[in-house]
Structures are given as structure tokens and as C-alpha cells.
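Take a moment to look over the chain before reading on. Keep the sequence beside the 3D view.

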Amino acid sequence: MGLLRTIMDVFGFGIGTPIGLVIGYYMFIYFLPTHVEDPEIRPLAEQDSQTLQRMLLEIPLWVKNPDFDRVDWLNQFIGYMWPYLDKAICTTAQKIAKPIIAEQIPKYKIQSVEFETLTLGSLPPIFQGMKVYTTDENEIIMEPSFKWAGNPNIIVTVKAFGLKATVQVVDLQVFASPRITLKPLVPTFPCFAKICISLMEKPHVDFGLKLLGADAMAIPGLYRFVQELIKEQVANMYLWPKALEVQIMDPSKAVKKPVGILNVKVLRAMKLKKKDLIGSSDPYIKLRLTDDKIATTRKTTVKHNNLNPEWNEEISLVVKDPEAQVLELIMYDWEQVGNHDNMGMNVIPLKDLIPDEPKVLTLDLLKNMDPNDAQNEKSRGQMVVEVEYKPFTDDEIPADIEDSNMVEKVPEGTPAGGGLLVVIVHEAEDVEGKHHTNPHVRLLFRGEDRKTKRVKKNRDPRWEEDFQFVLDEPPINDKLHVEVISTSSKLGLLHPKETLGYVVISLADAINNKRINEKYHLIDSKNGKIQIELLWRAAS
């Protein structure tokens, strides 16, 4: 009986199964609709946003947002450089992480935390786009958006209570939109002193975690807890306006800052040679404090028809490098028409001066500073000057200064009640002349005339030049005349010079606020603007 039942079961399964499949197939065919519509084909431009999102899962940001720039070139560059960037980033990350770990582990009674293996793998991040901001400050701001689905191998060894455990991070994914600020910009490679990194939104971080070789993320509830914990901790530390700051160089060394004041009193000149065919000479002296990189020029008044002039004029110059700078004194014969004739020159190295000790010097007028030039033996007369170098004291310049001209106090060498006015000419926009556009900036202040270098054929020139004025009193009621002038680069009398615009700046705000940095619309210019920064440091 049992054998017969077994045979019937096998026979029923063998016959029933094919019969059921056949019946099911014919029922599927019977109920299948016979009328099938052709799909509607429409151009992508006519699709709505939701349809596009379903069709294209990964739309680059430069497609969705017009203010994002396409950066395919950057992805190619990073792809080629990734093996080297991997090592450099890992080395930098370890240097940054070590002091942070050393500060945190005592709180949890952990003996040590060390990186046993740290590599970012072979897959570089992909940048979807980048925004770049320009500001009136001395900085560059970038906001890249990147996604990284990498294959890193990060093994961390933790020692605590006599036990040793290894934690391995694998299959890391990071989606983030950081803000990277490079500041301040300096004229020394890599041209910025500090990198500041902030997150504009909470990042997406996903990874696998192996503890003692086992997949720790397989524990129920741990995966979501770790994800949220990392997001909150990273956001608390680096979500804007908080930032991670990485110092690249000391900005005070990259850009020389004022370290003292050189007081020069031009007393007189003697036995000068006649330069004019009719009458005598009209001498004046131009003073220049320079080390071939920094130049500030001042000059005395003109003494007409005088071969033994007396000036007794005091001039103060800002010193930035007393070991390298020299005071250059050049005497000219003033001419109403044409170039002024050179009557002779001499120099005073600042390193030869004793700080805070006045020194009277009688200098022979030379043709040039070449000791082998026989023409220097010719007598051209002498000039007498009194010089005194007044260095700043340590407490008069902050150690964390970021700008070369930000001097908190002016030293004893500045007249009581006065101070130091610094005018920084940054750049201009949309300046254009009728016949040529070779702009330079002219500053007129209290009878002094200062000029920047000329930039040829440029409607948006950048100068980044600073000018210092040591004053006896705050210029609260004074105005600064700023004029943009274009001079022809060709020889000729037609249109040698034309004004591209000007602005008159009241100094009251700069004196009250200690610093202003603004863009001013140029008068007599269609769309021209100029960026001027003013700094005021009062004497103690």
C-alpha cells in the first residue's frame, strides 16, 4: 500500500506540474492586452524637471546651476596626480590628526591611537562643479562640489587597558560641498599664507568598518547611529562659519611689514655746479628708500638760482627691511620745460645706522654708485643730511599680523598726536580711454604727489601698491584725490595723456574706523571703479 501511494505521488507531480504550466501560460496569453500604444518620443527640452530627474540620475551641477563652472580639466588633472596626491594628503592628514588625537585620548583613558596603514586607494574624487567668488578683501573663495566613492585602506590601532584593537575603514563614500578660502594673498609662492575650509552643508559620509576583522556595521542599529554621529560631529567642527585653518606660511615673512621709521632732515648743499646756461641752478633732492622691491619716493622743495641752498626740511619714511634697504638721495636741477638734469647722487645703507641715534652726514655728489667709474672723481658739490632710524618696539606690532601695512601703533619716531596713514591702491575696473588705455594712479595729498606703476593696455588693471604718509596730526578734515591717468606708449605730441576718471575721498571715516576698504565710482568715467584701502595707525 505504501509503495503504491509513493508511485501515485510521483506520477501526479510529474503529470500535474507540466499541465499547470501550460494552463498558466495560455491564461497569461489570453488576458494580455492586444492593443499596445507606441511610446511618446519628446525632446529633452520639452520634458519636465521630474521626468529629467528619473531619466538622468546624476545631473552635473554645472547643468542645473548656471553659477557653477565646469571643471573637467580639474578631474583629469587630479586623475593623473592622484598617486602623488594620495601620499601628500595622507602625510598632511597624519600631521593634523596627531595633535588632535593626543589632546582627546586622555579624556577616554586610551593609551595611544596610531595609524597602522593610511592610503586613499586608487580612485580619485570627482568634482561636479565649482563656484568662485571675488571679494574686496585680499582673498580668493572657492566652493567646489565633489563626490568620492573610493577604495581606501585605513587601519587604526588603539591601545587601552593593556589591550590592542585594530579598526579598519573600507569602501568610503563622501559627498560634500566645502568652501575653500585662500588668504591673505602674498607675493611669495604659493601666493597665499593660509587655507580655511568650511562645510556649507552637512556632508554625506558612508563607509564600512571592520573591528578585529569582523564587519561592525552588521550590528543592528549601529550603522545609522554611526552615520548620524559622524555628520553631527563634523558639522559641529567645520560647518560654516566654523572652519579648519591650515597655515601654509608666515604672512609676516612673505610680505615685509613696517618695522620702523627713518627720519631724514635735509639740511643744505654746498659748492654745486651750474647747470643752466642763463642764471644758476634750481636744485631739489629726491629721496628714495628702496631694496629693489620696495620703493617710496619723497622730495624737497626747489631752491631757485642757488648753488649753496639750505632746506632744513624733515621727511619721514617707513622702513620695512633695515638690513637690505638703503636711502638713495638724488639731486636734480629743476627745469620748467623738458627733463630735469641730474646733479649727482649718493646713498646711505640703513644697516650702517645705529637705532635711535641721530647722525649728521656730509655726502659727496657722485655720478653713480660704481666705484670704478672715473667720472665720480669729478667734483659736483656736497649735501648735508641728518638721519635717525627709529625701530618699532615688539609691543607695537602684533605677532599675528596678516597684512603688511597693519601696524597697530606708531612708534616714538612719529610726532605726538600724529600717526601713519597707509593708502593701498588695489585695482580698477572698466577704465577706458578714447585714444589709449595704459592706466596708472596718481595720489594727491597735502601737496604730495605719488604715482603707481603704469599697466599697459588693460581696462581692469591691478596695482597692489601701498603708500605711507607720516603725519603730525590726524587728517580728519583732509581729502585724498585719486586720479586714474593713461599715458601714451608711443612717441608723439598728440594725446600724450588723458584722464580716465577721478574720485575725492574724505579721510574722516578712515580715521574713525582705523580701516576702510571700498570700491569707488570714478567721476568722468562711464562705468569705471577703483578699489582703495585706507589704514590709520595713531601714535601712542
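The paragraphs below go from the whole chain to single residues.

This is a predicted model, in which local features need pLDDT of at least 70, side-chain atom pairs count only at pLDDT 80 or more, and totals for chains, interfaces and linings use all residues. Residues are numbered from 1 along each chain as its sequence is written, and side-chain values use heavy atoms, with hydrogens and water left out.

Start with the whole chain. The protein chain has seven helices and 26 strands. Helices (H or I, at least four residues) and strands (E, at least two) are DSSP runs, numbered from the N terminus. Of the 540 residues, 40% count as buried. Buried means under 20% relative accessible area, exposed means over 50%, and partly exposed lies in between (1.4 Å probe, protein chains only). The chain exposes about 32900 Å². Carbon and sulfur atoms supply 56% of that area. Accessible areas come from the Shrake-Rupley method with a 1.4 Å probe; for residues, only the protein chains shown count as cover.

Now consider contacts, meaning heavy atoms within 4.5 Å. Take those between residues at least 6 apart in sequence: 64% of them join residues at least 24 apart.

Next come the charged pairs. Side chains of opposite charge can pair when their charged atoms come close. A salt bridge is a side-chain nitrogen of Lys or Arg within 4 Å of a carboxyl oxygen of Asp or Glu. A search of the whole structure finds 17 salt bridges.

One of them joins E143 and K131, at 3.8 Å from N to O. E143 sits in strand β3 (residues 140–149) and K131 in strand β2 (residues 126–134), so this pair ties together parts that are twelve residues apart in sequence. Both E143 and K131 are buried. They also belong to a network of salt bridges that links K131, E143 and R179.

Another salt bridge pairs D466 with K320, with the closest N and O atoms 3.2 Å apart. D466 lies in strand β22 (residues 462–471), while K320 lies in the loop between β14 and β15 (326–333), so the pair ties together parts that are 146 residues apart in sequence. K320 is buried, because its relative accessible area is 9%.

In a further salt bridge, R446 meets D478, and their closest N and O atoms are 2.9 Å apart. This pair links distant parts of the chain, 32 residues apart. R446 is in the loop between β20 and β21 (448–451), and D478 is in the loop between β22 and β23 (479–487). R446 has 37% relative accessibility, so it counts as partly exposed. D478 also counts as partly exposed, at 22%.

K271, K273, K275, K367 and K378 form a positive surface patch. Patch residues have over 30% relative accessible area and no salt bridge, and like charges are joined within 9 Å. K378 lies in the loop between β17 (359–364) and β18 (382–391). K378 counts as exposed because its relative accessibility is 57%.

Finally, turn to the backbone. The peptide bond from K183 to P184 is cis, with omega near -20°. P184 is in strand β6 (residues 178–185).

Which phi does N312 have, positive or negative? It is positive, about 55°, although N312 is not a glycine. N312 lies in strand β14 (residues 310–319). At 45% relative accessibility, N312 is partly exposed. D430 has a positive phi of about 55° and is not a glycine. D430 is found in the loop between β19 (419–429) and β20 (439–445). D430 is partly exposed, at 32% relative accessibility.

Note on methods: Patch = residues over 30% accessible without salt bridge, like charges linked within 9 Å, V, L, I, M, F, W, Y side chains within 5 Å. Lys, Arg positive; Asp, Glu negative; His and termini not counted. Charge placed at Lys NZ, Arg CZ, Asp CG, Glu CD.
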